[in-house]
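Welcome, and thanks for taking a look at this one with me.

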Amino acid sequence: MKRVAVLSACFALSLVSCGEQVSEIRIGEYGSMTGSRATFGTSTHRGILMAVDEVNAVGGIEGVPLRLISEDDQGRPEEAATAVNKLISQDRVVCVLGEVASSASLAAAPIAQKAGVPLITPASTNERVTQTGDYIFRVCYIDPFQGQVMARFAANSLRLTRAAILRDLRNDYSIGLAEVFKSTFSSLGGEIASDQSYQEGDTDFRAFLTTILATEPQAIFVPGYYTEVGLIARQARDLGFTGPLLGGDGWASPSLIGIGGPALEGCYFGNHYATDDPSPLVQDFITRYRDQYRETPDSFAALGYDAARLLIHALKKIQREDAKTFEALQGSEDPDDETRAQAMARLRDAIAEVRDFPGVTGSISIDENRNAVKPIVVLQIKDADLRLVERIAP
């Protein structure tokens, strides 16, 4: 986080030494850099940082560098609210990027909306997030689409007729996915044999799994986060379950297979992109990320990168079309409240106008509800790796 501030400061000083008047554009980020979901925040931060570094490396936006100010919310909604309050009121950022967890975005979005500062979540899929107001956007698909896709995949591609659900009852993301999967699978003629709930932080799921397995499901839908999913898979196998577990993008973490091991073999989950996608845009991103971080980027790194690049795309559009507004978004001399509010509204509009943006996670268009219209991929865990099985358009 400090590295970004130093890069921006050095870039600005180099221009000042040449006698030029320089400002900066401040971008805020909040995420779970520590805590039980730290891989989500770390991956997203790295993707955002890559996009900011790339722009600053070529001189910023027409000579104006970007400054990324990052806050760790520890994966806790109350800390997310505090972080976004700070970014907006103290740091005076022009846009906030984050969070991954829908519960954290739901806590922070009303603050950004009230302040009139655009917020772009890379990965919060709960439908209610963008319903907060017209300053709240996302570059990921929403739970209804994800839940429907996984239910159709179970019924049509895997030809399953009987499934169970094991959801996290304290997680808005998990509850939303479970409900959509349940209604869609049932509408396709499938039967939900059992619907059980655990709580985030649980480590022993045997009682829930024993109840589920007594109903003889062919698959178990587990719309949770990787921290619990890996343990659930291992305990399900220990109890004799041989069918696949199904899930959503909350499974996407470099730690998933490390936690679940061979128990995850043959399981499926919906995700935002696939590392074996032959697209040059995808493979170039993966190569550069590996060069910088010495690991393969997960979907949250890709979504963080896309969220930052989409914001940069909007800022460049304003710079081309409205010099006064672009100047008002810079942080050398804060404009008066009315001028700043007008600039924020123009940035909001520029984000809302994005169509067919070439993202690593697919072509992104922002719809009238400020959601991203884009494809989803279904991945299978095979030989301790992730394999692209299907790509499904909206």
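Please keep in mind that the model is predicted.

C140 also has a relative accessibility of 0% and therefore counts as buried. How many disulfides does a search of the whole structure find? The search returns zero. C140 accordingly takes part in no disulfide, and the nearest cysteine sulfur, which belongs to C95, is 14 Å away.

D143 sits in helix 5, which covers residues 143-157.

N271 belongs to strand 10, residues 268-271. Is N271 buried or exposed? Its relative accessibility is 3%, so N271 counts as buried. Although N271 and S299 are 28 residues apart along the chain, their C-alpha atoms are separated by 7.1 Å, and a polar contact of 3.1 Å joins their side chains. S299 is one of the residues that N271 touches beyond four places in sequence; the others are Y141, D249, A252, I376, V377 and L379.

**Backbone details in the loops**

The peptide bond from G98 to E99 is cis, with omega near -5°, and E99 is found in the loop between strand 3 and helix 4 (102-115).

Q74 has a phi near 60°, a positive value in a residue other than glycine. This residue lies in the loop between strand 2 (66-72) and helix 3 (77-89), and its relative accessible area of 33% means that Q74 is partly exposed. R370 is not a glycine either, yet its phi is positive at about 70°. R370 lies in the loop between strand 12 and strand 13 (372-373), and at 16% relative accessibility R370 counts as buried.

| Helix | Residues | Number of residues | First to last C-alpha | Expected span |
|---|---|---|---|---|
| Helix 8 | 226-238 | 13 residues | 18 Å | 18 Å |
| Helix 13 | 337-352 | 16 residues | 22 Å | 22 Å |

In helix 8, the buried residues are Y226, E228, V229, G230, L231, I232, A233, Q235 and A236. Their packing partners are helix 2 (38-57), strand 6 (162-168), strand 7 (191-198), helix 7 (206-213), strand 9 (245-247) and helix 9 (256-260). After helix 8 comes G240, with a positive phi near 100°.

In helix 13, the buried residues include the arginines R340, R346 and R348, along with A343, M344, A345, L347, A350 and I351. What do the buried residues of helix 13 pack against? The partners are strand 3 (95-97), strand 4 (119-121), strand 5 (136-138), helix 11 (299-321), helix 12 (323-328) and strand 12 (362-366).

Definitions and conventions
Residues are numbered from 1 along each chain as its sequence is written. This is a predicted model: local features need pLDDT of at least 70, side-chain atom pairs count only at pLDDT 80 or more; totals for chains, interfaces and linings use all residues. Side-chain values use heavy atoms; hydrogens and water are left out. Helices (H or I, at least four residues) and strands (E, at least two) are DSSP runs, numbered from the N terminus. A disulfide is a pair of cysteine sulfur atoms within 2.5 Å. Buried means under 20% relative accessible area, exposed over 50%, partly exposed in between (1.4 Å probe, protein chains only). The expected span of a helix is 1.5 Å times one less than its number of residues. Contact means heavy atoms within 4.5 Å. A polar contact is a pair of N or O atoms within 3.5 Å; within protein, one must be able to donate a hydrogen and the other to accept it, and residues adjacent in sequence count only if both atoms are side-chain atoms.
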